Amino acid sequence: AKSHNMYYYAVGNELNLGKWNAFVDFMYSKEDIDRKGIITNIVGRPGGHNAFDAGYLSVVAKCNYRFLPKWNAFVKGMYETAEVRKSNGLLLSGKYRTTWGYQGGIEYYPMKENLHFFAAYRGKRYTYTALGKNFQALDEHPQTFSLGLIYKIPIL
C-alpha cells in the first residue's frame, strides 16, 4: 500500500443542560484504498482487491433526556454517504450510496453503575444511486426492536 494514504477528519460537540444531554459528530474519510469496504462491497472486488479512491461523509447526533433519576429516553440519528472520488477502471466517480439511520428508546438504571435495562427501536435506510445500482445493489430498509440489559463487569 505504498503511497496509498487515508485521511480522516472528525469534529464533534457535546451539550449538557441538566436533564438534557446531546452530541453531534461530523466525520469524513478520504481513502486511497477502501479501508471501510463499503464501496468494495457494493462493486465487488475489482482486480481481486479493495476499491480505490473511496470517500465517506458521516454525521451522527444523539439526544438523551433523564426524565427521572433512574430513567432515560433517547433518540439518535445518522447520515452517511459513500462515494468514489476519482474514476478508476470500471468505477466512475460519484456517490454510490446514502444511508439514513434512526434509533429511539428508553433505559432504566436500577443501580448507580454497571447495570441498565433497555427497550430500543432501530432502523436504517440504504438508498443506492444509479452508480450503485449498476452493480445490482438494491435499496434496503432493515429495522429491529430490542429488549435487553447491559451489565459492565468491574475489573479491579
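Predicted model: local features only at pLDDT ≥ 70, side-chain atom pairs only at ≥ 80, totals over all residues.
The side chain of Lys36 forms a salt bridge with that of Glu31, at 2.9 Å from N to O. A salt bridge here is a side-chain nitrogen of Lys or Arg within 4 Å of a carboxyl oxygen of Asp or Glu. Glu31, at 0% relative accessibility, counts as buried.

## The network around Arg85

The structure holds 5 salt bridges. Asp32, Asp53 and Arg85 are linked in a network of such contacts.

The side chains of Arg85 and Asp32 meet at 3.3 Å, N to O. This pair links distant parts of the chain, 53 residues apart: Arg85 is in the loop between β4 (71-84) and β5 (94-108), and Asp32 is in strand β2 (residues 20-33). Strands are DSSP runs of E with at least two residues, numbered from the N terminus. Asp32 is buried, with a relative accessible area of 14%.

Arg85 also forms a salt bridge with Asp53, at 3.4 Å from N to O. Asp53 lies in strand β3 (residues 52-68) and Arg85 in the loop between β4 and β5, so the pair ties together parts 32 residues apart in sequence. At 12% relative accessibility, Asp53 counts as buried.

## Basis of the values

Local features need pLDDT of at least 70 and side-chain atom pairs count only at pLDDT 80 or more, whereas totals for chains, interfaces and linings use all residues. Residues are numbered from 1 along each chain as its sequence is written, and side-chain values use heavy atoms, with hydrogens and water left out.

Technical notes: Buried < 20%, exposed > 50% of the residue type's maximum accessible area, 1.4 Å probe, protein only. Helix = DSSP H or I, 4+ residues; strand = E, 2+ residues; numbered from the N terminus.
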